[in-house]
Amino acid sequence: MILNIQKVSKTFPGNEVLRGVSFHIEENEKAALVGINGAGKSTLLKIIVGEMAADDGSVVLSRDRTLGYLAQHQDLSGDATIYEKLMQVRQDVLDLSRRMGESERKMAHLQGEELENEMASYAKMQEAYDRMNGYAYKSEVVGVLKGLGFAEEDFGRKVATLSGGQKTRVALGALLLTSPDIILLDEPTNHLDMNSIVWLETYLMNYKGSVLIVSHDRYFLNRVVTKVIELDHGSARTYDGNYDIYSRRKEEIRHAEYLAYMKAEQERKHQEQVIAKLKQFNREKSIKRAESRQKMLDKMEMPDKPHGEDAVMELSFEPAVESGNDVLTVTDLSKGFDGLTLFSDVTFEIKKGEHVALIGNNGTGKSTLLKILNGVYLPDMGEFVLGSNVITGYYDQEMHVLHPDKTIFDEISDDYPSLNNTRIRNALAAFLFKGEDVFKYIRDLSGGERARVSLCKLMLSNANFIMLDEPTNHLDIESREILESAINSYKGTLFYVSHDRYFINRTAGRILDLTHKSLLNYIGNYDYYLEKKEDVEKANLSEECLETSSAGDTEAKQDWLAQKEEAARQRKLENDIKRCEKEIEELEAEDMEIDRLFEDPDVSCNPSECVRLGGRKEEIASRLEELYARWETLQENE
């Protein structure tokens, strides 16, 4: 065990965030900390690293172990470049390299015993340098920077001039290079593109230390973690397995707890009715029996009442009118900024009812393309045409469609003047804005709250062609699942940008990959895209483009194929176990039937029949021995 959390509690004014939270992290374990927004995940991480004090409980890090922490937001400053900032992490290697250089220069002027002593000292330094991976530290730094999405031309940029997301990536790179015994990561994928996320997944899966991750990226959690710790109503519960296993097991436990509670409650009410009836008889014996039952009832242990369901968004998209079959036609569209071309001669169509995801690396122009389609930017060349009866709705990840100086109520009423106060309040209540909350100013809202306001406006638009730019940003897992459900029920047409692979898998029927300044088309979800990516690129990209494709693409496909093979192996194993158990059950039943036949006088007095049955029993015993051994082997491989 490397980290032990024991009965940690934390209360803020009017809000008990953590209540007796306990769990532990083992050596080299990869674990996730999940829960709805406000469940206390980031608070708990701050308590673990000592940035915040717990009201009660303890946090114990094993002796002589190091801990690293990446917060959601970083405020890096100073004159250092990106490359220099990460090189500072290996200052011990740099210092040792400097001392080795001094020793080399010194040895050039020494002789005899002094030279021998210096050479012995140099040999020790060489040994230490090798242990510290000194001969490869520069390539290690470059590999981490490129893995996190920085091109070589970015290495010289000053850290102070970077965006918040870029600073977080630099901080993540520095943390990974320090190689602490346990890493705590708070939403590490928020500012990474798909290739960088795949790189980070592989890095963490192979990391020799322990990792505790807070993340809403379910695909990422599925690949990296083997344990999930859920914070729910202040308490923690631990589940073995990845996110999908946790999700299934959680529902099973919730259902079982509900049934146990209802059964106990039913028994309690039954006993109370019997006691009341016995008392009504008003006889000495009946009263004594009532008192006896009452004592038993008082001692009866009642399971805790399951928590009521948390309030969740109520989201549904309903088109006001049906569009024509041709929803969007884009022809030879090009766009660039400051002499840099993002994409050129882009041509594609979207038909009625399609759910299309637009993916690609950061900086390829995905959000820009959506902005062009919504009139925020003008294209440099080309055109797009919306089909007949098309009504658009647009969700902007930067929330520019919201006005910071308006209240939530005014934001809705100004855009939808035909709605009366009751309808506006009902719509906002569906997005968890109730009572005085509707008069909060947009500028004072959290990212998640702004996202809910934007989704509310989008729902009220009754658009039949919805365009979404990173719609799952700022949403917790539960809200993402609600959005997925609403999208899958939507009868209109959908075009969205997202790097949430789990979301894409569940909602997209087609993928457009914006790569090398053009679009590649895939008829399927994200798993299909990974399967076909190499073939499609070979058929559509030049040799030069193929050579510069990220290694992460091939890695992602290999990982997907490995997952697919593992799933097939698991299905075959489960089927083999079922077949084995069925044959065992049938043979055991036949063996019992033979024993019953031996008790029949007609059979027991028939020597030939007894010989036949005895032979069959031996065959069954031999086969069962084989099947029992096979069943044990299959169970070990499960």
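Please keep in mind that the model before you is predicted. I shall begin with the overall form, return to several of these bridges, and finish with some individual residues.

First, the overall form. The secondary structure of the protein amounts to 21 helices and 18 strands. Along the principal axes, the C-alpha atoms fill a box of roughly 100 × 90 × 60 Å. The radius of gyration is 32 Å, whereas a compact globule of 638 residues would have one near 26 Å. Of the 638 residues, 44% are buried. Turning to contacts between residues at least 6 apart in sequence, 69% of them join residues at least 24 apart. The protein exposes about 33700 Å², and carbon and sulfur atoms supply 47% of that area.

Which parts of the chain does the pair E29 and K227 tie together? The two side chains meet in a salt bridge at 3.0 Å, N to O. E29 sits in the loop between β2 (15-25) and β3 (30-34), and K227 belongs to strand β8 (residues 227-232), so the pair ties together parts that are 198 residues apart in sequence. Both ends fall under the 20% limit for buried residues. E29 counts as buried because its relative accessibility is 15%, and K227 counts as buried because its value is 5%.

A second pair is formed by R223 and E201, whose side chains meet in a salt bridge at 2.3 Å, N to O. R223 lies in helix α8 and E201 in helix α7 (residues 194-205), so this bridge ties together parts that are 22 residues apart in sequence. R223 and E201 are buried as well.

For a pair in another setting, consider D437 and K440. Their side chains meet in a salt bridge at 3.9 Å, N to O. Are these two residues buried or partly exposed? D437 is partly exposed, because its relative accessible area is 30%. K440 is also partly exposed, on account of a relative accessibility of 34%.

Beyond such pairs there is a network of salt bridges, which links R218, R480, E484, D500 and R506. What surrounds R218, leaving aside its neighbours within four places in sequence? The residues in contact with R218 are Y243, I477, R480, E481, E484, D500, Y502 and F503.

Next, the surface. Y258, L259 and M262 form a nonpolar patch there, with about 290 Å² of accessible area together. Y258 lies in helix α9, which covers residues 243-281. Its relative accessibility is 45%, so Y258 counts as partly exposed.

A brief word on the cysteines. How many disulfides does the count give? It comes to zero. C456 counts as buried because its relative accessibility is 0%. C580 is buried too, since its relative accessible area is 3%.

I close with two backbone positions. Phi of S179 is near 50°, a positive value in a residue other than glycine. N389 is placed in the loop between β13 (381-386) and β14 (392-395). Its relative accessibility is 52%, so N389 counts as exposed.

Definitions and conventions:
Residues are numbered from 1 along each chain as its sequence is written. This is a predicted model: local features need pLDDT of at least 70, side-chain atom pairs count only at pLDDT 80 or more; totals for chains, interfaces and linings use all residues. Side-chain values use heavy atoms; hydrogens and water are left out. Patches are made of residues with over 30% relative accessible area and no salt bridge: like charges are joined within 9 Å, nonpolar side chains (Val, Leu, Ile, Met, Phe, Trp, Tyr) within 5 Å. Accessible areas come from the Shrake-Rupley method with a 1.4 Å probe; for residues, only the protein chains shown count as cover. A salt bridge is a side-chain nitrogen of Lys or Arg within 4 Å of a carboxyl oxygen of Asp or Glu. Helices (H or I, at least four residues) and strands (E, at least two) are DSSP runs, numbered from the N terminus. Buried means under 20% relative accessible area, exposed over 50%, partly exposed in between (1.4 Å probe, protein chains only). Contact means heavy atoms within 4.5 Å. The radius of gyration is taken over C-alpha atoms; the globule rule is 2.2 Å times the number of residues to the power 0.38. A disulfide is a pair of cysteine sulfur atoms within 2.5 Å.
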